[in-house]
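Q: I have a new model open and would like a plain walk through it. Can we start with a sheet and then move on to the chains?

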Protein chains: 2
Amino acid sequence: MTLAPPPAARVGDPLTSVGTPSLLIDLDAFNANLTAMSAFAARHGVALRPHAKAHKSSEIARRQIATGAVGVCCQKLAEAYPFAAAGIASIHVSNEFVGADKQAMAVELASHTRLSVCVDAIAQVRALGDAAARAGVTIDVLPEVDAGQHRCGVTSADALFALVDAIAAQDALRFAGIQAYHGGIQHVADWNARKIAAGQAADIAASYVRSLDARGVHCAIVTGGGTGTVEFDAASGVYTELQPGSYLFMDGDYGGLDWSGELRWRHSLFVLSTVMSATRPGMAVCDVGLKGLAVDSGLPRSAIWIDDRSESELSYVSANDEHGMLRAQNKPQEDFAARVGKRLLLPPGHCDPTVNLYDEYVCYRGEHVADIWPIDARGMSR
Amino acid sequence: MTLAPPPAARVGDPLTSVGTPSLLIDLDAFNANLTAMSAFAARHGVALRPHAKAHKSSEIARRQIATGAVGVCCQKLAEAYPFAAAGIASIHVSNEFVGADKQAMAVELASHTRLSVCVDAIAQVRALGDAAARAGVTIDVLPEVDAGQHRCGVTSADALFALVDAIAAQDALRFAGIQAYHGGIQHVADWNARKIAAGQAADIAASYVRSLDARGVHCAIVTGGGTGTVEFDAASGVYTELQPGSYLFMDGDYGGLDWSGELRWRHSLFVLSTVMSATRPGMAVCDVGLKGLAVDSGLPRSAIWIDDRSESELSYVSANDEHGMLRAQNKPQEDFAARVGKRLLLPPGHCDPTVNLYDEYVCYRGEHVADIWPIDARGMSR
């Protein structure tokens with residue numbers, strides 16, 4: 001017996017018949033973002049290595065490569081597998097990892113793709129080097145420097161030198177450059193304040209590059225930057241490679257930033273939800289809650305009726321596991337029973353963890369489903 | 001080419017070698033919770049219909065049925081599919097739904113299991129009745145009454161009567177009782193305050209039952225209650241059936257409640273994480289963040305070293321996508337580099353949406369992996 005839920009959508013379906021909750025991509029907005037970032041990187045002469053943790057989909061990675069990206073970033077080794085399996089030829093794991101199981105994954109990946117990884121401790125360099133040598137693979141290594149986030153990464157030039165020396169001592173490892181990413185400053189709302197913060201992070205990265213130069217070590221790659229700071233990172237003269245991810249989608253958090261510079265992004269990612277109850281005045285309930293929307297960066301800041309794309313008078317005000325509470329702040333006495341069955345587009349507050357809740361993107365153009373893309377790295381956090 | 005991440009664990013593996021992040025079940029604690037709730041329901045003469053939205057696993061549902069549960073609840077129709085496929089003979093979808101696709105799912109499920117569903121609008125009764133009649137299946141229907149949560153459910157006896165009449169007019173539907181659940185009061189911390197709140201919800205449910213009685217309609221089932229209130233619901237004389245879910249696992253939120261009554265629960269659910277970086281004094285970074293821990297009800301409130309089960313001096317203080325920041329509040333100058341590679345057990349703040357991030361439970365007893373259970377309803381929110 002194969003008893004399984006029917007598909008949420010098929011190519012050609014009208015958008016109004018897509019099962020809910022579903023994760024939707026507005027292809028026109030998505031493609032505008034895709035090509036705008038590629039053109040931006042080309043214009044500034046920096047390599048583009050988009051972060052696949054945002055979309056977790058080899059279909060999307062292929063489109064990024066096709067429009068000029070040099071490869072992708074992943075945040076975890078497990079996450080890199082579907083991209084390696086799909087033939088993405090260059091993958092950077094922009095994060096530290098530890099343990100024999102993880103070294104074995106890195107070695108396996110390195111036999112299928114050009115793999116680079118981050119380190120910030122000598123023990124990991126040695127363990128990885130030994131594992132790679134035994135397997136006969138070569139792995140590029142980029143020590144991470146703490147660019148101001150105070151999370152991972154070395155905090156002194158001496159610590160960086162020690163890593164570079166440890167890498168040099170391993171035949172199977174190759175020093176390729178440094179990772180310098182500051183996640184926190186991506187979300188500074190004010191454009192000028194963000195510019196200043198990005199400049200400070202770039203200055204830290206530059207000082208590490210100079211220290212290496214002074215020691216006769218050439219730093220071919222300085223990789224980092226995210227959607228919030230790429231504009232400044234590209235102009236810094238420090239970064240050779242940019243790692244933005246969320247630019248494809250936007251979300252409530254990034255959408256709320258001040259975008260005064262040359263870059264503009266469109267919201268392309270939405271959760272489609274159905275109003276499924278409305279028994280009290282001034283409110284209604286929709287069918288997406290904590291299991292279909294990440295709420296760490298806030299609730300959906302708007303709600304758009306799918307049938308005419310008008311802004312709804314109902315706001316998403318709280319999330320239970322599978323319920324979204326909607327309130328009409330300005331119409332507390334109105335009866336919304338007639339809205340039951342209507343579908344809403346909800347832009348997630350935070351795209352990355354919302355994407356990680358779904359198995360596929362339902363891509364639409366105009367009023368119809370145009371494509372279905374698997375989220376093949378969904379849940380791959382090891 | 002089949003390139004995929006290796007399994008996180010195999011039965012018999014030492015716990016210290018399990019890949020991270022993984023979702024762990026302490027089987028001794030789990031079984032204690034499983035049998036305690038079964039014994040409690042039997043002692044009080046109420047039916048136990050645990051909520052499968054908490055665990056999303058047909059392996060666990062089978063164990064609940066084997067220890068006396070009359071069936072399970074699901075919160076969505078899609079979620080019910082793996083349970084129906086696994087042979088669970090009675091499934092209650094404790095939620096409203098709307099649309100032809102959802103009615104088709106209900107009809108398909110009803111041909112494989114005894115299905116009951118909730119309604120709070122006449123239009124849904126008619127649409128479901130028509131779909132069921134066309135398919136030749138019978139569906140039990142339990143109108144939801146608003147027991148004080150002000151979410152879904154009718155708000156007057158007249159509205160309930162109208163639903164009962166609409167159900168009676170459908171040959172393929174059968175009025176089976178009422179759903180009366182108040183999610184908010186499950187989490188009232190103080191035991192006496194929770195008891196009072198549960199009593200108020202039960203009073204509302206009782207008044208609907210009396211109204212139906214006075215109209216000559218027998219209400220065979222009054223279903224509701226959760227982990228926080230079952231003790232009061234069972235004693236109320238109103239509820240015939242209880243729907244707890246989180247009791248199997250506990251979580252940071254439920255664990256923080258005052259449990260002054262006859263029920264005690266053990267934490268059985270943990271996220272296993274590895275410390276993967278520690279480059280600054282007083283802090284470290286572990287490998288689980290927003291994609292492996294739901295944070296809507298707070299961060300992990302404790303951290304336990306897996307090797308000796310001692311409480312860690314490091315507290316989980318913030319989550320990025322794939323990083324967990326750990327701080328030693330009382331040791332701001334200590335260097336934790338020697339802890340890199342060590343594994344921590346982290347109890348999630350909210351079990352339901354955390355479970356929904358994983359594809360399997362790694363079940364352990366003592367120091368070894370004892371079983372692997374698929375989370376076969378993971379992500380099924382339609």
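A: Chain B has an open sheet of 4 strands, with parallel pairing and the order 2-10-9-8. Strands, E runs of at least two residues, and helices, H or I runs of at least four, are DSSP runs numbered from the N terminus; two strands pair if DSSP finds at least two bridges between them.

Q: Which strands stand at the edges there?

A: Strand 2 (47-48) and strand 8 (177-179) of chain B; each has a single partner strand, so one side of each is left without a neighbour in the sheet.

Q: And how many bridges between strand 9 and strand 10 of chain B?

A: Strand 9 (residues 221-224) and strand 10 (residues 241-242) of chain B pair in the parallel sense over 2 bridges. G224(B) stands opposite L242(B) in strand 10 of chain B.

Q: Before we go on, what sort of model is this, and how is the numbering done?

A: This is a predicted model: local features need pLDDT of at least 70 and side-chain atom pairs count only at pLDDT 80 or more, while totals for chains, interfaces and linings use all residues. Residues are numbered from 1 along each chain as its sequence is written, and chains are lettered from A and ligands numbered from 1 in the order in which they are written.

Q: OK, strand 17 and strand 18 of chain B: parallel or antiparallel?

A: Antiparallel: 6 bridges join strand 17 (residues 360-365) of chain B to strand 18 (residues 368-374) of chain B. Y364(B) has V369(B) as its bridge partner in strand 18 of chain B.

Q: What about the hairpin they form, how many residues between the strands?

A: The hairpin of strand 17 and strand 18 of chain B has 2 residues between the strands, and G366(B) takes a positive phi near 65 degrees.

Q: How many residues are in contact?

A: 64 residues of chain A are in contact with 64 residues of chain B, where contact puts the C-beta atoms, placed from the backbone, within 7 Å. Helix 3 of chain A gives the largest share of the side of chain A that touches chain B, 4 residues.

Key: Two residues are in contact if their C-beta atoms, placed from the backbone, lie within 7 Å.
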